[in-house]
Amino acid sequence: MVVEGDSVAWVGSEGAADSFADGVDEVVQLEGALVTPAFTDAHVHTTANGLALTGLDLAGAESLADALARIRAYAAARPSDRVLLGHGWDDTRWPEQRPPSRAELDEATGDRPLYLSRVDVHSAAVTTALAAAVPDLPGIDGHHPSDPVSRDAHHAVRTAAYGTLSPAQREEAQRASLARAAELGIGSVHECAGPDITGEADFLGLLALAKEFPGPRVVGYWGEAVTTAKDALRIRHDLGAHGAAGDLCADGSVGSHTAHLCEPYADAAHRGNGYLDAEAIAAHLAACTEAGIQGGFHAIGDAANEAVVAGARLAAERLGLERVRALRHRVEHAEMLTPETIAGFAEFALTASVQPAFDAFWGGAEGMYAERLGAARAATLNPYAAMLRAGVPLALGSDAPVTPLDPWAGVRAAAFHRTPEHRVSVRAAFTAHTRGGWRAMGRDDAGTLVPGAPADYAVWTAGDLVVQVPDERVANWSTDPRSGTPGLPDLSPGSELPRCLRTVVGGRVVHLRA
């Protein structure tokens, strides 16, 4: 492969490449390493992920007692922080099977302000000191005097907590997050921001940093509802966002009992929360379509995804089907889908921005999804095979810090889904994690290594290359050399994942393994 400037100039045989050797600035001998397109992570929260990387991360806490011990140690080590920030607790993995109470957190922090987001970032445990800093918090929807806060109350305490960060602290977190992505062969990230997530200053600062920082490209999405084309264009022109999409929430999450369901939760006597109805969704998609920019939503529960499809249908009735399809509006997560909603996604060309690690973390007969929904309903989640068969475009991501940046693990999670009928081939998952991310933002000329494509690629240590597909009958033919099917690293569960040696974005090296 020959790279000229920021693009791939030529790809061919080794013998033919020798003719270029004297006319290039550098020759990189691969010595058996694998070159692939760089990954795109289609759903990231850059600042929050950086804070998790550099601060209090409770993802590894094995119990409530362990979490409280980690909080005490962190608080003692950070005496000057105005607000203590942490992330990643998951009470469904703890033997106590409950979140920390406000009184326990007050004791652990010495009555200091603490914001501790749950792993799904749709609720948070807070101390009394932080709650007192939010005016009228007890009267805000989602507040509880002892348990974690959710919905509007969560947005309020998150805004108060993140508001204490200095610009230098934000930039430090963003740099850490982008550097980690580069180390993992990620060449692009889709930042999913919004007024209830990080705020405009954080978003604008990240986009400015990405222009000069030697790391992944950052494609910004701003999750704010609009009702006119003028409002949609403001998001593009004033904020520099690629679209009015990302975490514009039609509902919440399964773990926090806020995903909007058609039937009640198995372990709670309610159906979660619907934040947008079909009419509001239609108004947003129509405004974005008229402005010529991409719109989209966060939707996890079956009722929320039904509302998205119903809203897309209303928008298509008003503006015409092809105009709506042309913008490739997107849906984040899209976990609980029926055959009817899958058909609706295909009909309106909705891109599904999905996170296979969710299934790896919480799927299966004994996982959190089964606890919240019952095993039968949980087994319907994240039906990637059915989505691809119906023609629904997939773009893979992590939702970091909800699950870690780890693209090969994401590919493996899709290929070895806990529900066998939802599995896809490693090649299909890899394509959704590379080219799929570019297609999700409207570009069909990237995410592959062909002449004219952006020179975004990664170099990997890898063993034998194989073809892994869910159906062994296909695998038997595909692994025959006569099939010509290109192989990828063996991602069988338990096998070592490839290690990134070099990441290049736009022809510039942004990571080089020592």
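Trainee: Among contacts in the protein chain between residues at least 6 apart in sequence, what percentage join residues at least 24 apart?

Mentor: This is a predicted model, in which local features need pLDDT of at least 70 and side-chain atom pairs count only at pLDDT 80 or more, while totals for chains, interfaces and linings use all residues. Residues are numbered from 1 along each chain as its sequence is written, and side-chain values use heavy atoms, with hydrogens and water left out. A contact means heavy atoms within 4.5 Å. Of the contacts between residues at least 6 apart in sequence, the share joining residues at least 24 apart is 73%.

Trainee: What is the radius of gyration of the protein chain?

Mentor: The radius is taken over C-alpha atoms, and the globule rule is 2.2 Å times the number of residues to the power 0.38. For 514 residues, a compact globule would have a value near 24 Å; the protein chain agrees with this, at 23 Å.

Trainee: What percentage of the residues is buried?

Mentor: Buried means under 20% relative accessible area, exposed over 50%, and partly exposed in between (1.4 Å probe, protein chains only). Of the 514 residues in the protein chain, the buried share is 54%.

Trainee: How does Met 1 count, and at what relative accessibility?

Mentor: Met 1 lies in the segment before β1 (2-4), where strands (E, at least two residues) are DSSP runs numbered from the N terminus. Because its relative accessibility is 38%, Met 1 counts as partly exposed.

How values were computed: Helix = DSSP H or I, 4+ residues; strand = E, 2+ residues; numbered from the N terminus.
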